[in-house]
Structure formats: C-alpha cells, structure tokens
Amino acid sequence: MRSLAVASPVPTAAAHRRRLRPSASGREVISQCLKCEINQDRPLGALRLGGNLPRHGSKNLLTPAAAVSVEQVEVSTYLPKGDMWSVHKFGGTCMGTPQRIQNVADVVLGDSSERKLIIVSAMSKVTDMMYSLVHKAQSRDDSYTEELDKVFEKHMAAAKDLLDGENLARFLSQLHSDISNLRAMLRAIYIAGHATESFSEFVVGHGELWSSQMLSYAVQKSGASCSWMDTREVLVVKPSGPDMVDPDYVESEKRLQKWFSRQPAEIIVATGFIASTAENIPTTLKRDGSDFSAAIIGSLVRARQVTIWTDVDGVFSADPRKVSEAVILSTLSYQEAWEMSYFGANVLHPRTIIPVMKDNIPIVIRNMFNLSAPGTVICKQPANEDADLDACVKSFATIDKLALVNVEGTGMAGVPGTSSAIFSAVKEVGANVIMISQASSEHSICFAVPEKEVAAVSAALHVRFREALAAGRLSKVEVIHGCSILAAVGLRMASTPGVSAILFDALAKANINVRAIAQGCSEYNITVVLKQEDCVRALRAAHSRFFLSKTTLAIGVIGPGLIGATLLNQLRDQVAILKENMNIDVRVIGITGASTMLLSDTGVDLTRWKEEMQKEAKPADLANFVRHLSEDHVFPNKVLVDCTADTNVASHYYDWLKKGIHVITPNKKANSGPLDRYLKLRTLQRASYTHYFYEATVGAGLPIISTLRGLLETGDKILRVEGIFSGTLSYIFNNFEGTRSFSDVVAEAKEAGYTEPDPRDDLSGTDVARKVIILARESGLRLELSDIPVESLVPEALKSCSSPNEFMQKLPSFDQDWARQRHEAEAAGEVLRYVGVVDVLNGKGRVELQRYNRDHPFAQLSGSDNIIAFTTSRYKEQPLIVRGPGAGAEVTAGGVFCDILRLASYLGAPS
Ligand SMILES: NC(=O)C1=CN([C@@H]2O[C@H](COP(=O)(O)OP(=O)(O)OC[C@H]3O[C@@H](n4cnc5c(N)ncnc54)[C@H](O)[C@@H]3O)[C@@H](O)[C@H]2O)C=CC1
Ligand SMILES: N[C@@H](CC=O)C(=O)O
Ligand code: NA
C-alpha cells in the first residue's frame, strides 16, 4: 500500500492522529492539528479537516522517519467495518434552515455509536434551483445570474446564522470561490447554449457540498471529531441506463479505505447525491440519490443501521392524503418496501434497498420533526410477526394515469412467440410495462402502460400485427384509457389462503369493477387494474378492510322530521360506542330536508346538527346531495336513509342502488308502489352487493320483515299473515273506550308521533294496505295496491279536505257516529279493531274494520301495539306471533338504526 503521507504533501488530521497514537480521540487529533498550525505560525483559518477544502500547509511536514512510521500505522487506520458504524441520511427538509441544520447536528451528536457516517442532501429547494440555473443558462436566459445570486445569498445567510468565527470565514470563502467558479461555468454553458451532462451534474451537486460543509462545521462546534467528505472522491458509479447508475463497490471501497486512512474521524459528514465516474468525472446518483448514497456507504462500511431522516413518522400503510386512517408501519421487509416503492409509495427508491439488502443492514425511516416517533424499520422479514390473516397485507399503493392494452385473438393460443412479439414491439417504443396479465386460455394478453405512452404502444402493435389482424388471427388490439392500479403488498400473503378473497370482497362491496388482475408466484403483491375514478374509493375500501377492520359507513339522511331527527339523535348517542366496541365507524356526511341541506366531508357533528342545519345549510337539492354522498368524502361505503314519506324520493332508490349506494328506509312508498318498479328494485338488490333494507316499513322496529324472510328462506311456507298493522289505529281503538271523543283520541295519536305525516293515510286504511302489500309481495304474491279492498274510516265529506289540519279540525263533527259504533260493539261484548290480512293461499289481501270478542288476542292490546300472526306450514296450529309497539319515533328510528347495523355487518363488521 502506498503511504499517504508521501502521496499527499499535506499532513491531515489522520497524520496528526498517527503522530499521537492510532486510538487518539478526535479532540486530541484536532488539538494536535492546532498545535501544528501554531508551530507553523499559520493562521487558524487555513486548518481543514480534509475533503476538497484547502489543506493546511503546503509542504510535507513529515520527516522520512515519520513517513516510515506512517507506513506502519497505516494498517491500524484502515477503514474499520461493521457494527460500530451507524449511517444517517438527512433529507433536504431536515436541512432546510440553519436551526434545522443545528438540530441535525444535535441528533448526530446524540447517537452514541462509535462511528457515524452522515450523508446529507442539499438544503430544501436548492437542487431544483441548481437544475434551473443550468436550464436557464443553456436556454440563454440571463436571469440565471440573479438566480445564482439567490443561491449564494441563501447559503450565506444560513451560514451566518449557524456558524461563527473561523468556521464561518472558511465556509464563506469556499462559498465565494465555488460561486465564482459556477458563474464562469454557467457563462460557458450560456455561450455554448448547451451543457454536457458532466457540466450539469457538476453544477447541481454543489447544494450537497455546501449543506454538508455547514453541518460538519456545526458538529465540530461541539468539539467532536468530525471530518467532511466529498463523496466524489469515494463513490464511483457507472451508468446503467437512462438516468440510472450502478455503484462500483470494489473501486468505491478502495477509495473509501484510502480516504479514511487520511481522515479517520469518529464522525464523517458526507455529501449525498454526488459521485464520480471511474474517470473521475463528477456525476450524481440521480434524483433521490442521497438515499442511495447512504445505502451504498452503509454497505461499504457494513453499518449496523442506516437511518433515513425525513419529515414523516415512517412508512404509511397507504398514502395518508388519500386514506386518512393510514397507519405507520413499525416494520417492513426489504421486499415489501421494494414492492411499495415500485407501486409509487413514497418510501424509498427501490434501488436504495439493493445495497443494504445484500448485507442485511436495516434501514430506519424516521421523522426529524418528531423524534419521539420510533419510525419504520425496513429489514429482513422479522420472524415473529403477527401471522393473522389481516396482517398479511402490509400496505396499499396506487398508480394513476395508466392505460390497459388488450391484445386478443384465437390465433394467439398455443402460438409460441406471441408475447415476445408483443413486448418487443412495446420495447421498441420504450414504453414502461407496469403489469401484465394473460388469460390462461392464451386468447388474450393485457398489460398496463402509462397513459402517455399508450398511443405509441398501440400504433407499434398495429404495425407489428397488421397481417395477423387482417387475417383474423388477432381480433383486436384494444386500449382501455383512464385506468389505475391498486396494489396490495405483503410478504405474508404468500401461501396464506383467503387474502385475495378479502381484497376482492372489499372491492365488490364498494361496488368497484376490477378490469385486470396480476399476482406473481412470489405473492408479494396482488395488483388490480380498475377505473381511475374508482381508485381512491377502492384504496379506502381495501385499506379499511385489512387495516382497521372497521366498517365505515358514510350516511346521508333524507327527511330530518320526526323519525329522521330521532335517528340522528340515537346515532349521536351511540356512534362512539359502536366505534369502540364493534369497530363500526358511522359518519353522517349529509342531512337534507325539503328546503335546506347540510353537507360535510368528514361527518356532521351530531351534537349540534340542528344548529348547523340552520347556520350552514344550503338550499336542498337531492341530485347534489347524492353526488356529495358519492364523491366528496373518503369513506368507501355509502348509505342513503330515506326518512320521508315522499314517493318522488322513493322513485330514486333503483338509481342509487345501481350507483352502489345502499338504501335504508321506513318509507313504504317504494315497496307498495307500482309492482313492476318494486320487482325491478328487488331483482337489482338480489343481483348486487348493494343493499336495500326496509324493516321499519311494517311494524316500525318490530321484527316483521326479518321474521317473514327467516321463515321463507329456511323453506317454511307462508299460509296467512294477519294482524293489526297500524300503530295509530291500534292506539285509537285501544283508547276509544267512552271517556274521550274519537277526534280527541286521533289528535292524541298524532301528537304521540304514531300517525303518518298526513293522518288521513292512517284513517283511510291506506297505510295498513301498504303494509299488507309489502308483506304480500315479500311472501311472493304479485299484487298492486289497488288489488287490496280497503275499508276507509275517513268520512266521505272529509276526503276532500285540502290539508291535514283542516281534516283534524273537521273530524269532531263525526264523533257521534263513532260513539254509536263503539256502543253497538260494546253491547255485543266486542271491541273494534282495524285489521289487515294477507291470504297467501288464495293470493289475496284485505284491510277492514272488524269486531272481536273481548277475549280475542287482538282485543288485549294497549298503546300503539301491533300484533302480527304468521300462519305457516310449520306454525299451523298456533301461529307465530310478533307483538309490541308498532309506531312512534323511538321504536321506528330504532328499527332504521338496526338496519344500518345489519348493513354494517353485511359489509364485514364483527357481530
Ligand atoms: N311515525 C311512525 O311511527 C312511523 C313512520 N314511518 C315512516 O317514516 C317516515 C317519516 O315519518 P315521520 O318522521 O313521522 O314524518 P315527518 O313528516 O315528521 O318527517 C318527514 C320529513 O321529510 C321531509 N321531506 C319531505 N319530502 C322531502 C324531500 N323530498 N326531500 C327531503 N325531505 C323531505 C319533511 O320536510 C319532514 O321533515 C314516513 O315514511 C313514515 O311512513 C314508518 C314507521 C313508523
Ligand atoms: N302511521 C303508521 C306508522 C308506522 O308505520 C302507524 O300508525 O302504524
Ligand atoms: Na318492522
């Protein structure tokens, strides 16, 4: 080995260390340097600790004897490798201001590792400024000179803030000299109107030279042993493709050895991003190159760990701008990090992982601005990781602006060379194929490329397969525009059954159509191609299914009247409990009445929805309300809860379900409306994963629809359903006992919230007829509302009243008639009851006022009780009876709420 003391005429800190003893501390070495400076009577300002800064002294201070002793100790200053090294890399934002650079110095000093190698990026925005200088100069835009001044001023100001005394003077003199060299070089570029790659790489690399020098001075301020390294002296790379370089490890290691033997400090602050070619021409490691520098250096010294300091707490399970519930991952395997980076997650450039992976060196991603966050460790797959199914998927990533190319034809099957011909045509146009999927029938191959490259790809394929297309061996070369990729990444997906089922189930439940799928045998990722407009929703649906096991429902409430308002208040009191106990996250993201609506992207504050409704509301617009529910929020599952009695609102259910919006309602209008519309709705409901629930339409919160369904679905045969289906009429006849007039009792029922918005709907029997129709259709009968004979209790003269109020005012004039009817029944030992019957055997239904003996179960009711008797093949002798309050705000809203939770459980919430 060549003696460096001989090779270099300048005694460096290494030489001073050798003069003392090999193990001399940094502080001792510096003090020896200082003594030497003083003995030489040289100004302290000339002292440099290495790198491209001028070294102190201009002649060889060592005697031949000393040179020999250097030769001998050279071995002990040989680059040590292994666990004593910890490598840190600080990105541009960490180096953004003098205060931040000082914080970085503190973090470096706080690391107790024996040896530290610190790689830094340029101060934030500086690399862009440097690229812009080159760009402007070669475009002959002379504003580059002012921009260069700005670069100078930025660094001068930062240095003045951070440093003082000799260090400041040294830095500023170097900065001056660099800027004047750059000015000359940019002038040359300006004159030539062109910058060679090496010129431009030389210029842009200055950001790192300055930031790292400032940091090394800041570290030295504390008295620590610190050298500054210009990595162009050490890192040697060779081009390996457009905008890509490969490190030459052997040569770099040799140069690092050499460098270190000259300057073996405990802390080395080095430039990120820049390197040299084998011919010593300055170059860079290209964009994001500082991470790469850290990984290569980490590998060269076999570091214990490489820490990448940035401005986030670690690697997220999904892009937090798209998924607000994204979580920080504590560990990731190299392969997982690689896959995520490939799919666009802003983790690390995949090439950064290669150098550390080969030596099993962990990379830790940490937040410089939140030192308490432990960060994410990227390492070999940890052996003891949670093996549960949901934990198999580590993260999700997406790539937008893609197009799918589908090459299809019967002539492809079994013909060797087809895919080679396809992809060589793609290669010729230089397109980047992001995923490939081939149907096993070999009739089609599809692949995704960036949208901007697809025209060229399609043209190339049309040329390449012109004959095959003409002869019909290929049927088409089709381009599907506007696609995105969603990738689920996780090493443990391999050989774990059920992972893809969960993923596709989550997508199906969010009503997302998958265009293509790819999964390699390595199973590190499952890639699905979908429409770009569905991508964020797909990401959220998949993420919440795997990560949060939380079913999030975004709810739009239509009609905050009695039932709607009661439901909102019930939700208010229960949402926190649902989240805590059942992992169900219910967000009301919109409320609309007939005249105003309130919209929210994240969820209305249910403790003050009424005030908000008055303060923030916009004019009601159902189309906009539905659009908001479809698009303006982050939640995958959307539900409209119709609490109106409006036929028009009900007429939209089909379209909403088609859009993937679940519908829940106590409104009877859709299911008792025209039969064809009802059948269409139910057919759609059965054919999709979008749900339509309406338990509260019959018997309010009582389990009527679900009981009937349970009987039918388990194979029982419904013979007859009969009972008292009206809470209002039940209340009226239970309470019309001679003490109050008929009209008073009707007013009480209205006041208690049992009646329809228009009480004539109850008294006319229409409401009961609707319930009969709903149950008849549920039992398989195809009846229209007009097929049900209804005995109306609305006096003929009041049928034409223009409003519910007018009706209520005029009703007392008929009290006498009602008193007489009641008397007659009472005299016969009977009571009046208004009943509905679904006669399934005969395919009929009817609604009528009947008299029942006082012993009859129908005569035993109280309040707003409904009673419904199901006579079936299994319940033939004794019917199955459901009884209880069948109207009223709390029980009805409770029934609607039950449907919301039923939906949550259909969507995957735990039971
Ligand atoms: N009250 C009860 O015990 C039961 C009621 N139901 C059903 O619940 C529904 C609601 O009943 P209530 O709350 O008692 O009625 P309500 O009259 O108190 O409330 C209905 C609300 O819907 C609003 N509305 C009407 N048309 C609208 C439109 N196009 N867009 C937005 N909002 C509109 C009204 O302004 C009102 O605020 C009805 O369909 C009723 O049949 C079902 C079972 C029991
Ligand atoms: N008005 C209805 C309410 C429930 O559907 C009734 O009285 O039953
Ligand atoms: Na019910």
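Which of the 29 residues around ligand 1 come nearest? They are Gly559, Gly561, Ile563, Ala645 and Pro757. A residue is taken as near a molecule if its C-beta atom, placed from the backbone, lies within 6 Å of it.

The model is predicted, with local features needing pLDDT of at least 70 and side-chain atom pairs counted only at pLDDT 80 or more, while totals for chains, interfaces and linings use all residues. Residues are numbered from 1 along each chain as its sequence is written, and chains are lettered from A and ligands numbered from 1 in the order in which they are written.

## Ligand sites

Two elements give two or more residues to the shell around ligand 1: helix 20 (562-582) and helix 23 (647-650). Helix 20 gives the most, with 3 residues. Helices (H or I, at least four residues) and strands (E, at least two) are DSSP runs, numbered from the N terminus. Ligand 1 lies between domain 4 (551-693 + 899-906) and domain 5 (705-887), because both give residues to its shell. The domain bounds come from an automatic or database domain assignment.

Around ligand 2 stand Ala700, Ser726, Gly727, Thr728, Tyr754, Thr755, Glu756, Asp762, Asp767, Gly886 and Ala887. The table gives the make-up of both shells by class.

Ala700, one of the residues around ligand 2, is found in the loop between strand 25 (692-693) and helix 27 (705-713). The phi of Ala700 is near 50 degrees, a positive value in a residue other than glycine. Is Ala700 buried or exposed? Ala700 counts as buried because it has 27 C-beta neighbours inside 10 Å. The cut-offs are 20 or more other C-beta atoms within 10 Å for buried, 12 or fewer for exposed, and partly exposed in between, with C-beta atoms placed from the backbone.

## The chain as a whole

The protein chain contains 34 helices and 30 strands. It has 911 residues, of which 47% count as buried. Among contacts in the chain with a separation of 6 or more, 73% join residues 24 or more positions apart. Two residues are in contact if their C-beta atoms, placed from the backbone, lie within 7 Å.

Helix 5 (residues 98-110) has 13 residues and reaches 18 Å from its first C-alpha to its last, close to the 18 Å expected at 1.5 Å a residue. The expected span is 1.5 Å times one less than the number of residues. Buried in helix 5 are Arg100, Ile101, Val104, Ala105 and Val108. These residues lie on the same side of helix 5, because they cover an arc of only 150 degrees around the axis. The arc is that of the directions from the helix axis to the C-beta atoms. On the face turned away from the buried side, helix 5 carries the exposed residues Gln99 and Gly110. The cover over its buried residues includes strand 1 (85-90), strand 2 (115-120), helix 7 (144-162), helix 10 (206-220) and strand 6 (267-271).

Helix 6 also has 13 residues, which should span 18 Å at 1.5 Å a residue; its end C-alpha atoms are 19 Å apart, which agrees. The buried residues of helix 6 are Val126, Thr127, Met130, Leu133, Val134, Lys136 and Ala137. Helix 7, helix 8, helix 9 and helix 10 are among the elements covering them. After helix 6 comes Arg140, with a positive phi near 55 degrees.

Helix 9 (residues 197-204) is mostly covered, with 6 of its 8 residues buried. Those residues are Phe199, Ser200, Glu201, Phe202, Val203 and Val204. They pack against helix 6 (126-138), helix 8 (165-192), helix 10 and strand 8 (282-284).

## Two further residues

Leu256 sits in helix 11 (residues 249-262). It is buried, with 24 other C-beta atoms within 10 Å. Apart from neighbours within four places in sequence, Leu256 is in contact with Leu79, Val234 and Leu300. The C-alpha atoms of Leu256 and Tyr78 are separated by 9.7 Å, though the two residues are 178 residues apart along the chain.

Asn280 belongs to the loop between strand 7 (274-276) and strand 8. Asn280 is exposed, with 10 other C-beta atoms within 10 Å, and its phi is near 65 degrees, a positive value in a residue other than glycine.
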